[in-house]
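Welcome, and please take a moment to turn the model around before reading on. We will walk through it together, step by step.

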Amino acid sequence: MSDFIAWLPDADTLDALEALCAALPGAFPAMPPLQVRRRAQLHMTLRYLAEGLPEDPARLYAALAAVAARAPRQALQLERVEIWPAAAVFVARPAPSPALDTLFADLEAVAVACGHAPEPRQPMPHVTLAYFPRGQHDQGLPEAPGLLPLPIDACLGSLSIARTAHGGYDNLHWWPLAEPPCPYSGPEA
C-alpha cells in the first residue's frame, strides 16, 4: 500500500490514456508481454508520500487545500512515452511547464512541513501506462513514430490524496484547483 499526491484525469483524458495504453503492444511488438493499466489505475503521480498518511491527516489536508486554492488550473500536454527500466514501466510524461514547477515546489514544501522526508530527486510527474517483466528490457524506448496517439491535451484541475488498493486507487480526498485557464469538471466518479 502506498499513498501519494496525484492528479485524477477527467473522463476525456481517461479515454485518451486508455487509447494510448491499448496502442503500446502494437507499437512495440518486440517488447515482452505488457501488463497494461486499467482505467481505474490511471492517474498522474505528483509526489509520493513514502511515510504514508499520518494518523490524523487534517494538517496535510489543510495544507493541500491551501495549495489548491492558490494554484491555477493548468493546461498540460502529455507529449511523450518513456521506458523506465529500473521500475519496468512505460510512462507518459508531460511537457515541461513553469506552472508545474511551481506546483511541485509547493507540494514538496507541504510534504516536508507535514513530516515527510524531502524528495531525493527532481520531481518526475508521470502516468504509468504498463508494466513489463523486470530485466526484460534495459534499453531506452525504441522508436515508434506515429504509432502512438500523442500528444494528449489535458487539464490539471485537481489534487488528490490517493492510495493503492484493490488493483486500482482509492481517492481519499481531493481538492479542485483555482479557477480557469482550462476547463475541468472534476475527477471521474
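Predicted model: local features only at pLDDT ≥ 70, side-chain atom pairs only at ≥ 80, totals over all residues.

Residues are numbered from 1 along each chain as its sequence is written, and side-chain values use heavy atoms, with hydrogens and water left out.

Let us begin with the chain as a whole. It has three helices and nine strands; these are DSSP runs numbered from the N terminus, with at least four residues (H or I) for a helix and at least two (E) for a strand. Read from the N terminus, their order is β-α-β-β-α-β-β-α-β-β-β-β. Of the 189 residues in the chain, 48% are buried. Here "buried" means under 20% relative accessible area and "exposed" means over 50%, with "partly exposed" in between, using a 1.4 Å probe and protein chains only. Contacts (heavy atoms within 4.5 Å) tell us about the fold too: among those in the chain with a separation of 6 or more, 80% are between residues 24 or more positions apart.

Now follow helix H1, which covers residues 11–27. The expected span of a helix is 1.5 Å times one less than its number of residues. Buried in H1 are Thr13, Leu14, Leu17, Leu20, Cys21, Ala23, Leu24 and Ala27. These buried residues pack against E1, strand E2 (35–36), E4, E5, E6 and E7.

Leaving aside residues up to four places away in sequence, Cys21 touches Val36, Arg37, Leu42 and Leu129. Its C-alpha atom is separated by 9.7 Å from that of Leu34, 13 residues apart along the chain.

Next comes helix H2 (residues 58–70), with 13 residues. From its first C-alpha to its last it reaches 19 Å, close to the 18 Å expected. Which residues of H2 are buried? They are Leu60, Tyr61, Leu64, Val67 and Ala68. They cover an arc of only 120° around the axis, which puts them on the same side of H2; the arc is that of the directions from the helix axis to the C-beta atoms. The face of H2 turned away from its buried side carries the exposed residues Arg59, Ala69 and Arg70. The cover over the buried residues of H2 includes strands E1 (3–7), E3 (44–49), E8 (158–165) and E9 (168–176), as well as helix H3 (98–113).

H3 itself has 16 residues, which should span 22 Å, and the 23 Å between its end C-alpha atoms agrees with this. Its buried residues are Leu100, Leu103, Phe104, Leu107, Val110 and Ala111. Seen down the axis of H3, they fall within an arc of 125°, so they line one face of the helix.

Ala88 lies in the loop between strand E4 (74–84) and strand E5 (89–94). Its phi is near 60°, a positive value in a residue other than glycine, and at 1% relative accessibility Ala88 counts as buried. Further along, a cis peptide bond with omega about 0° joins Leu150 and Pro151. Pro151 is found in the loop between strand E6 (127–131) and strand E7 (152–156). In E7 you will find Leu156, buried at 0% relative accessibility. A pocket is an open set of points on a 1 Å grid over the protein atoms alone, with protein on both sides within 12 Å along at least five of seven lines, and lining residues have an atom within 4 Å of a point. The largest pocket is lined by 30 residues, and Thr45, Tyr48, Glu119, Arg121 and His126 lie nearest its centre. E3, H3 and E6 each give two or more residues to this lining, and the largest share, four residues, comes from E3.

Definitions and conventions: 1 Å grid on protein atoms, 1.4 Å probe; cavity = no way out; pocket = protein on both sides within 12 Å on 5 of 7 lines; lining within 4 Å.
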